[in-house]
Amino acid sequence: MNQFRLPYHLTVAEDVFKNIPEAMSDVMPKLSGQKTIIVTEGNLKELFAGIIEEIGKDFPDSEIFLIKDGSYDGAVALAKYITMNGFGTVIGFGGGTVLDMAKFAAYVSKTTLISLVTTLSNDSLASPVAVLGTEGKARKTFKCGIPDAILVDVNVIKSAPERQILAGIGDTVSKYTALYDWKLAGEKAGEEINDFAYMISEMAFDAIRISRKEELKSTEFITRLTQALVMGGLAMEIAGTSRPSSGSEHLFCHGLEENYSEQASVAHGIAVAMGSYGAAVFQGRDTALLTRMIRDYGIPVKPSLQNVTEEIFIGAWQKAAASRPDRYSILNETDLSSGRLAKLYEDMENIF
Ligand SMILES: [Zn+2]
């Protein structure tokens with residue numbers, strides 16, 4: 001049985017970053033008395049100078065730490081800095097890379113982690129893993145803890161470009177094929193399936209399955225997408241593996257990122273949604289549902305729109321399985337000949 005911990009705070013509200021003591025009133029007096037490190041990056045510090053100043057007032061004994069990159073070495077150095085200087089609380093203010101660095105450093109230094117989310121572009125806000133750069137260009141996924149508190153300021157999300165929200169939807173859409181692959185790995189490779197985690201991940205997918213009825217930047221939709229992304233993170237934490245959120249469509253994304261990042265740098269959530277369409281075809285499933293969702297939300301998965309040429313597309317799929325050889329997925333039983341993939345590419349160019 002996997003041991004898991006769940007966050008004790010989740011608030012999605014307008015201007016919550018200006019009202020942290022109120023949102024976390026039960027733990028705040030104790031937390032704000034601790035030495036705190038606010039981890040963020042230079043451009044966010046500039047963009048949200050006023051908000052960060054407010055946060056500094058809520059945590060009087062705090063200092064700001066700007067990350068330089070999203071490397072494993074950087075995260076280890078940050079953990080060391082936190083331990084050596086006696087910080088008790090780590091605040092991650094940002095999105096993917098910032099939160100991954102903060103998550104890893106808080107996990108290693110055994111400190112409390114508050115995740116202040118500025119983008120909904122992927123499920124890193126609540127996932128128990130950190131994706132960090134290692135030697136060369138390859139990025140690796142490291143297991144760590146889920147944040148103790150997750151706060152999403154609706155107004156901050158509204159101020160970000162819409163494509164970030166579309167990427168977050170894409171990361172959620174991809175659970176459609178991830179869950180199928182997890183079941184398949186259970187049947188064919190004897191992998192353990194946690195039914196509860198499976199159900200939560202399915203609920204995350206269902207939360208955005210309905211057609212787009214409201215504005216992406218409405219408080220209602222931002223709340224729903226946050227819930228879906230958090231549920232995705234919880235499912236991973238409960239299962240003790242990223243399988244409920246990551247199948248062959250994520251392998252495609254790794255294949256793309258590890259081999260073609262210079263030619264085509266595609267946002268994680270868009271790349272996995274692009275991969276999900278192909279994965280659904282390989283899985284022999286009706287693609288109507290995915291097609292409708294991708295079109296309704298307007299997720300830009302047309303490969304050429306993302307600088308993914310036919311050659312890159314074919315290469316990324318053919319190299320996908322090698323990025324995680326230990327993971328059984330539909331790719332283990334799929335004909336990935338160039339001819340078939342070229343046909344898939346052409347279909348996607350026409351459909352989207
Ligand atoms: Zn993902």
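Into which domains is the protein divided? I looked this up first, keeping in mind that the model is predicted, and I noted domain 1 (9-159) and domain 2, which is made up of 163-210 + 242-351.

**Domain contact.** I took the centres of domain 1 and domain 2 over C-alpha atoms and found 29 Å between them. Where they touch, 10 residues of domain 1 are in contact with 13 residues of domain 2, and I sorted the domain 1 side by class into three nonpolar, four polar and three charged residues.

**Core.** I then turned to the largest nonpolar core, which has 114 residues, and noted that Val39, Val90 and Ala105 have the most contacts inside it. Helix α11 (residues 219-239) gives the most to this core, contributing 12 residues. Because domain 1 and domain 2 both give residues to this core, I recorded it as lying between them.

**Helix α12.** I checked the length of helix α12 (residues 248-260): at 1.5 Å a residue its 13 residues should span 18 Å, and its end C-alpha atoms are 17 Å apart, which agrees. Is α12 enclosed or open? I counted 12 of its 13 residues as buried, so α12 is largely enclosed by the rest of the structure. The buried residues include the charged Glu249 and Glu257, as well as His250, His254 and Asn259. For the partners of these buried residues I wrote down β7 (139-143), α9 (175-189), α13 (268-282) and α15 (310-320), against which they pack.

Methods. Residues are numbered from 1 along each chain as its sequence is written. This is a predicted model: local features need pLDDT of at least 70, side-chain atom pairs count only at pLDDT 80 or more; totals for chains, interfaces and linings use all residues. A nonpolar core is a set of buried Ala, Val, Leu, Ile, Met, Phe, Trp, Tyr and Cys residues joined through C-beta atoms within 7 Å. A residue is buried if 20 or more other C-beta atoms lie within 10 Å of its own, exposed if 12 or fewer, and partly exposed in between; C-beta atoms are placed from the backbone. Helices (H or I, at least four residues) and strands (E, at least two) are DSSP runs, numbered from the N terminus. Domain bounds come from an automatic or database domain assignment. Two residues are in contact if their C-beta atoms, placed from the backbone, lie within 7 Å. The expected span of a helix is 1.5 Å times one less than its number of residues.
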